[in-house]
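This briefing goes through the fold, the helices and the chain contacts of the structure shown below. Please keep the sequence and the 3D view at hand while reading.

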Amino acid sequence: MKNRIFGLETEYGLIFTPHGKVYLPMEKILGYVFEGLIPNSWPSNAFLSNGARFYQDTGCHPEYATPECDQVFDAVVHDKAGERLLERCLPVAQKRLQEEGLSGDIYIYKNNTDSMGNTYGCHENYLMRRDVDFWKVTEQLIPFFVTRQIYAGAGKILKVAGRSHYFISQRAQHIHEKTSSSTTSSRSIINTRDEPHADAEKYRRLHIIVGDSNMSEYATYLKVGTTAIILAMIEDKFYVDGVELDDPVKAMREISRDTTLKKRVRLEKGKEMSAIDIQRLYLEKAKEYLSLVEEDPISRDILERWEFVLDELSEDPNRLDREIDWIAKRGLIQSYMNKKGCGLDDARVAMLDLQYHDINQDRGLYYLLDRGGMIERIAAEEDIQRAIDSPPQTTRAKTRGDFIRFAKAKNRSYTVDWTYLKLNGYWEETILCMDPFSSENVRVNELIAAAEAQK
Amino acid sequence: MKKQDKKRDEKQVAEKEAAEVEANPEVVEKGKKIKEDLDKVMDEIDDVLEENAEEFVKNYVQKGGE
């Protein structure tokens, strides 16, 4: 697979349910959650020793940005590590609440919508070559992203004309434009925000805000993996022709609404195709492309799973209740409704729709399924636990992690961002790290070596 | 279709399916296991679901994010 940097940013939903009548501003709750991560301070923006960034985002959401990953698998593992980190903060925050005489529970959800129709996102970032025509990128990617939800969607019950209906995607109803630079007002299929955190003459950053947050590692792996393959194809001018959609925003909603996956959406040239058919065109082109470039096991693995998923979706989507979030959750909801004899509009079912995304492994229903051996995992729990403290070893995140660990061990205050590192006061020079592919930095190594020598 | 006919058809389908499943003990085992696991999960769900689901869901309001 082509050399590329990946990163996922996940905004989490946060709620405090008091026992009794207490009001607490969300800022305060979020402050307690952060304390669990970095004691005795109130940082609203912190880089961690695994190279990731943890901060308070627009709308008072905790947000976790994975470190720079150069493997799809690492992006999956580090995304999960973010969940575990937040989960670890929960008992600390609960304890702080108790100390203040407040009783209640904090819930953190990895989903994309609340009960009022507000949304928060999971953003994917891909480093791309700058010299590729961005218009072509947009043209090639829009039909892909519109249809990708059939395996990357996280499912959601919404009311349509007063009746509850199960949708494939959480995010689809909140996308209003084909392309836009905004991430909060007119959310778009292709976001044009372009901060490469690298040499901007060589690279641009593709910032994708259209996807759902996934509980399923399999879904995360597939959504990042397939996108990476399509990007490589675009960079090599290997295009999929004839899939431009007549109205992509509308098509996205139509696809999300039809869980039978039979809905055919209108193409520009008047033809109609289903989401599965459109994904198959991309898959076939990807196979052709990968047969021409140097063979690698990761691309092959992604391709095989992609084909498997499309085949199963064509036969019977229910077969993917171990792999795909919207299907796993729907299976759970269906079993629950059968058992209780209730309908999709029952409050307990709405609760279930939410609780699937609870990151607390004792409460979250995704984790309940996982404990029952009913979820197909990609990462081993040891890998996820390691990623909580350890950055990917082959990208700039390693340098950042080394630096932060060093500064902490020396009890130095420091300022860090994606592209620079600085020890405050003592050694004031700023170390620039503009190359995200470089895992070693001479000056960071010197700094650490000098400190070692003094011992 | 008369009600009885429908019933008979359903029964035939059920028998046919049962016969197919019986052909492969592994599938039977797997199906049984999944059923048991799912039953267990269903029993556990009520333990983790909030007692007052309606109130909880209604109160789940976030400020819009990105």
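A residue is called buried if 20 or more other C-beta atoms lie within 10 Å of its own, exposed if 12 or fewer do, and partly exposed in between. By that count, buried residues make up 47% of the 455 residues in chain A. The model is predicted.

**Chain A overall**

- Chain A holds 13 helices and 17 strands.
- A compact globule with 455 residues would have a radius of gyration near 23 Å, and the 22 Å of chain A agrees with that.
- Taken along the principal axes, the C-alpha atoms of chain A fill a box of roughly 70 × 60 × 40 Å.
- Of the contacts in chain A between residues at least 6 apart in sequence, 67% join residues at least 24 apart.

**Domains of chain A**

- The domain assignment divides chain A into domain 1 (6-386) and domain 2 (393-454).
- Between the C-alpha centres of domain 1 of chain A and domain 2 of chain A there are 32 Å.
- Domain 1 of chain A puts twelve residues into the contact, and domain 2 of chain A puts in 15 residues.
- On the side of domain 1 of chain A that touches domain 2 of chain A, five residues are nonpolar, four are polar and three are charged.

**Helix α6 of chain A**

- Helix α6 of chain A covers residues 275-292, and at 1.5 Å a residue its 18 residues should span 26 Å; the end C-alpha atoms are 26 Å apart, which agrees.
- The buried residues in α6(A) are A275(A), I276(A), I278(A), Q279(A), Y282(A), A286(A) and L290(A).
- Seen down the axis of α6(A), these buried residues fall within an arc of 155°, so they line one face of the helix.
- The general rule behind such a face is that an α-helix has 3.6 residues a turn, so residues three or four places apart point the same way.
- Turned away from the buried side of α6(A) is a face with the exposed residues E284(A), E288(A), S291(A) and L292(A).
- Among the elements of chain A that cover the buried residues of α6(A) are α3 (134-152), α4 (217-235), α5 (248-257), β14 (272-274) and α7 (297-315).

**Contact between chains A and B**

- In this contact, 37 residues of chain A meet 22 residues of chain B.
- At least two residues each of the side of chain A that touches chain B come from β2 (13-18), α8 (325-340), α9 (347-355) and α10 (365-371) of chain A.
- With seven residues, α9(A) gives the most to that side of chain A.
- By class, the side of chain A that touches chain B has 15 nonpolar, 16 polar and six charged residues.
- Eight of the nine residues of α9(A) are buried, so this helix is largely enclosed by the rest of the structure.
- The buried residues in α9(A) are R348(A), V349(A), A350(A), M351(A), L352(A), D353(A), L354(A) and Q355(A).

**Loop residues of chain A with positive phi**

- K237(A) sits in the loop between α4 and α5 of chain A.
- Phi of K237(A) is near 55°, a positive value in a residue other than glycine.
- K237(A) has 9 C-beta neighbours inside 10 Å and therefore counts as exposed.
- L261(A) sits in the loop between α5 and β13 (264-266) of chain A.
- Phi of L261(A) is near 65°, again a positive value in a residue other than glycine.
- L261(A) has 16 C-beta neighbours inside 10 Å and therefore counts as partly exposed.

**Chain B**

- Chain B has three helices and zero strands, and its elements run α-α-α from the N terminus on.
- Buried residues make up 12% of the 66 residues in chain B.
- E44(B) is placed in helix α2 (residues 25-48) of chain B.
- Because E44(B) has 14 C-beta neighbours inside 10 Å, this residue counts as partly exposed.
- E44(B) and V61(B) are 17 residues apart along the chain, and their C-alpha atoms are separated by 26 Å.

Methods: Residues are numbered from 1 along each chain as its sequence is written. Chains are lettered from A and ligands numbered from 1 in the order in which they are written. This is a predicted model: local features need pLDDT of at least 70, side-chain atom pairs count only at pLDDT 80 or more; totals for chains, interfaces and linings use all residues. Two residues are in contact if their C-beta atoms, placed from the backbone, lie within 7 Å. Helices (H or I, at least four residues) and strands (E, at least two) are DSSP runs, numbered from the N terminus. Ala, Val, Leu, Ile, Met, Phe, Trp, Tyr, Cys and Pro count as nonpolar, Asp, Glu, Lys and Arg as charged, and the others, Gly among them, as polar. The expected span of a helix is 1.5 Å times one less than its number of residues. The arc is that of the directions from the helix axis to the C-beta atoms. Domain bounds come from an automatic or database domain assignment. The radius of gyration is taken over C-alpha atoms; the globule rule is 2.2 Å times the number of residues to the power 0.38.
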